[in-house]
Amino acid sequence: MYELSSPSVSKKQLILEIRGKGKISCDLKRHLSPRTVGIIMRSLPLEGNAHLMGQSILYFETNVDSGTERARSEFKKGDVAFLPSSGSICFFINDVSSGKTMTPIGKLGDDVDMLKTAKSGDVLCIYEDTA
């Protein structure tokens, strides 16, 4: 009898940590962009310095290399997307209709407003919840 470590293969629960400020639950959803989510999952943990794009998007650059997949340019508060041009993982603080197309990869949990506490240069880290 084998048990899956995660309740679902299509959704992977992760933690987004704003170092020294707090943690937000983050679900990567394989059905949104299977190839990109798979590459990111194999690259975990990922860490980088926070950057802000306007008032609506918090992101950090990674060395993940994945082309555009199921690209969209409209995202809701709490969405998580991958920006292939810079290899960045983006977290949406507000609803956005962007000029840039991004690959949707997941959703943040309840504490989305904690993103507003992050400043440029803060360390963002995304990793598996092993608790």
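Analyst: What follows goes from confidence to overall fold and then to the core.

User: How much confidence does the protein carry, and where is it lowest or highest among the elements?

Analyst: This is a predicted model, and pLDDT is the predictor's confidence in each residue. Here the mean pLDDT of the protein is 90, with 92% of its residues reaching 70 or more; strand β3 (residues 46-49) has the highest confidence, at 97, while β9 is lowest, at a mean of 90. Over residues 1-7, however, the pLDDT is below 50, and this stretch has four contacts in the model beyond near neighbours in sequence.

User: Which residues have the most contacts inside the largest nonpolar core?

Analyst: A nonpolar core joins buried residues through side-chain atoms within 4.5 Å. The largest one here has 27 residues, and I89, F91, L108 and L115 have the most contacts inside it; the elements that give two or more residues to this core include α1 (34-43), β8 (88-92) and β9 (96-108). Apart from this core lies another, of nine residues, among them I57, Y59, C90 and V96.

User: What is F91 in contact with, leaving aside its neighbours within four places in sequence?

Analyst: The partners of F91 include L16, I57, F60, V80, L108, L115 and I126.

Terms used
Residues numbered from 1 in each chain as written. Predicted model: local features only at pLDDT ≥ 70, side-chain atom pairs only at ≥ 80, totals over all residues. Heavy atoms only, no water. Buried < 20%, exposed > 50% of the residue type's maximum accessible area, 1.4 Å probe, protein only. Helix = DSSP H or I, 4+ residues; strand = E, 2+ residues; numbered from the N terminus. Contact = heavy atoms within 4.5 Å. pLDDT = per-residue confidence, 0-100.
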